[in-house]
Amino acid sequence: MSSAGSYKARQFNLSGLQGISDQTLEVHFKLYEGYVKEANRLTERITEFISDGNVDQEEMPAYSELTRRLGFEFNGMVLHEYYFDNLKSGGGSGDPERTQQFFKATEKTFGSYEIWKADFVGIGKMRGVGWAICYQNPSNGQLSNNWITLHEMGNIAGFNPILVMDVWEHAYLLDYKPADRPKYIEAFFSNINWDTVEQRLKKSSRSVTA
Ligand SMILES: [Fe+2]
């Protein structure tokens, strides 16, 4: 990463979700802003380190740590934007329409929408701190559900995020007990903006090479 940081925190209007309180969202937006700030700060500091065209032995430990942390902060920023964007203010309809391309894509890859959902929800229930993400593989158009540890471990290069679910405890701790993550996942589903999901899939599908 060599360009100076100039990422701006976006604003999201998501009041009135079902089962996810405005208070939770307020805390979550603040955390997101922290990732944006850190992504900028780390990018600037790394830019300083390399500005003389050289990373000497003495600089290497600090430079390495900043660079590793950039992956965490940067993905933290980007994944939260995907997450907030695929929620719908006031709540959604639960499941996608059968006529939607996303619904058909789940049938094509998984055999049925129900099997896709069981897989995605199952990943969301995995123990640990991270994300459940449904990607599209642009080399064959198939959907792929994946677990991401923290923000940066497990993202697949080149795959396009279609549906992104935060399962860090901060996403639901004010509304549910830590052991009640399944209830949060249910709430998440009732607030999905399937139009956003559909648009992402359509955009991603244009780059499918198979
Ligand atoms: Fe989060």
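Here is a quick briefing on a helix, some paired strands and an iron site. You're looking at a predicted model, where local features need pLDDT of at least 70, side-chain atom pairs count only at pLDDT 80 or more, and totals for chains, interfaces and linings use all residues. Residues are numbered from 1 along each chain as its sequence is written, and side-chain values use heavy atoms, with hydrogens and water left out.

**The iron site**
- Four residues hold the iron ion: H28 (NE2), H80 (NE2), D166 (OD) and H170 (NE2), at 1.9 to 2.2 Å (donors are N, O and S atoms within 2.8 Å of the metal, or 3.2 Å for Na, K and Ca; water is not among the atoms, so sites may look incomplete).
- H28 sits in helix α1 and D166 in strand β3, so this pair ties together parts 138 residues apart in sequence (helices are DSSP runs of H or I with at least four residues, strands are E runs of at least two, numbered from the N terminus).
- H28 counts as buried at 1% relative accessibility, and D166 is buried too, at 0% (buried means under 20% relative accessible area, with a 1.4 Å probe and protein chains only).

**Helix α2**
- Helix α2 covers residues 60–85, which makes 26 residues.
- Among its buried residues are L66, L70, H80 and F84.

**The strands**
- Seven of the seven residues of β1 are buried, so β1 is largely enclosed by the rest of the structure.
- β1 runs antiparallel to β2 (residues 143–149), joined by seven bridges (two strands pair if DSSP finds at least two bridges between them).
- G130 stands opposite T149 in β2.
- β1 also pairs with β3, antiparallel over six bridges, and there A132 stands opposite M165.

Key:
Expected span 1.5 Å × (residues − 1). Buried < 20%, exposed > 50% of the residue type's maximum accessible area, 1.4 Å probe, protein only.
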